[in-house]
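This report covers a single chain, and its sequence and model are shown below.

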Amino acid sequence: MKEYLHQLKVLSDQLTTCEASFSKDDLILYTLSGLPSVYRPFQTSIRTRSWHDPVSLEELHTFFVCEELSLADDISVKITIAFAANKSTPARQGRSTTAPN
């Protein structure tokens with residue numbers, strides 16, 4: 001995510017240098033549109049909020065960092081649960097899976 005935000009900052013700076021006309025809202029929408037599908041709920045919440053209370057670029061950056069940490073926690077919890085479930089299931093070595101004749 002850090003790299004993605006950095007690339008967007010570079011692009012924004014280049015557009016500003018070229019005196020291209022774009023708004024902060026355009027940049028935010030472009031940023032949200034480029035995210036992977038795992039960020040879809042995040043995209044929706046930012047877009048919905050933007051209608052009533054526009055998000056600054058600084059806030060967006062903070063929200064991105066928080067969302068990335070949240071997603072990392074979710075993955076960690078899923079791995080832990082899967083590991084615990086796998087460990088608690090006894091191995092069935094030496095047993096046949098076919099029914100007796």
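## Aromatic residues

Y39 and F42 are both buried, where buried means under 20% relative accessible area, exposed over 50% and partly exposed in between, with a 1.4 Å probe and protein chains only. In the second ring pair, the centres of F42 and F64 lie 5.1 Å apart with the planes at 45 degrees, so this pair is tilted. Rings of Phe, Tyr and Trp (its six-membered ring) pair if their centres lie within 6.5 Å; planes under 30 degrees apart count as stacked, over 60 as edge-to-face and the rest as tilted. F64 is buried, as is F42.

Under the ring rule, the count is two aromatic pairs. The pair of Y39 and F42 is edge-to-face, at 6.4 Å centre to centre and 75 degrees between the planes. Ring pairs join Y39, F42 and F64 into a cluster.

## Basis of the model

This is a predicted model, in which local features need pLDDT of at least 70 and side-chain atom pairs count only at pLDDT 80 or more, while totals for chains, interfaces and linings use all residues. Residues are numbered from 1 along each chain as its sequence is written, and side-chain values use heavy atoms, with hydrogens and water left out.

## Fold and helix packing

The chain has four helices and zero strands, and from the N terminus on its elements run α-α-α-α. Helices (H or I, at least four residues) and strands (E, at least two) are DSSP runs, numbered from the N terminus. Of the 101 residues, 19% count as buried.

Helix α1 (residues 2-17) packs with α2 at an angle of about 145 degrees, the axes being 11 Å apart. Axes are lines fitted to C-alpha atoms, for helices over the stretch in contact, and angles run from 0 to 180 degrees between N-to-C directions. On the α1 side the contact is made by Y4, L5, L8, L11 and S12, and on the α2 side by L27, Y30 and T31; contact means heavy atoms within 4.5 Å.

## Q43

Q43 is placed in helix α3 and is buried, with a relative accessible area of 7%. Leaving out residues up to four places away in sequence, Q43 touches L32, S33 and L35. Q43 and L32 are eleven residues apart in sequence and 5.8 Å apart in space, C-alpha to C-alpha.

## Confidence

The chain averages a pLDDT of 75, and 71% of the residues score at least 70; pLDDT is the predictor's confidence in each residue, from 0 to 100. Confidence is lowest in α4, at a mean of 72, and highest in helix α2 (residues 24-33), at 84. Where pLDDT is low, the predicted coordinates should not be read in detail.
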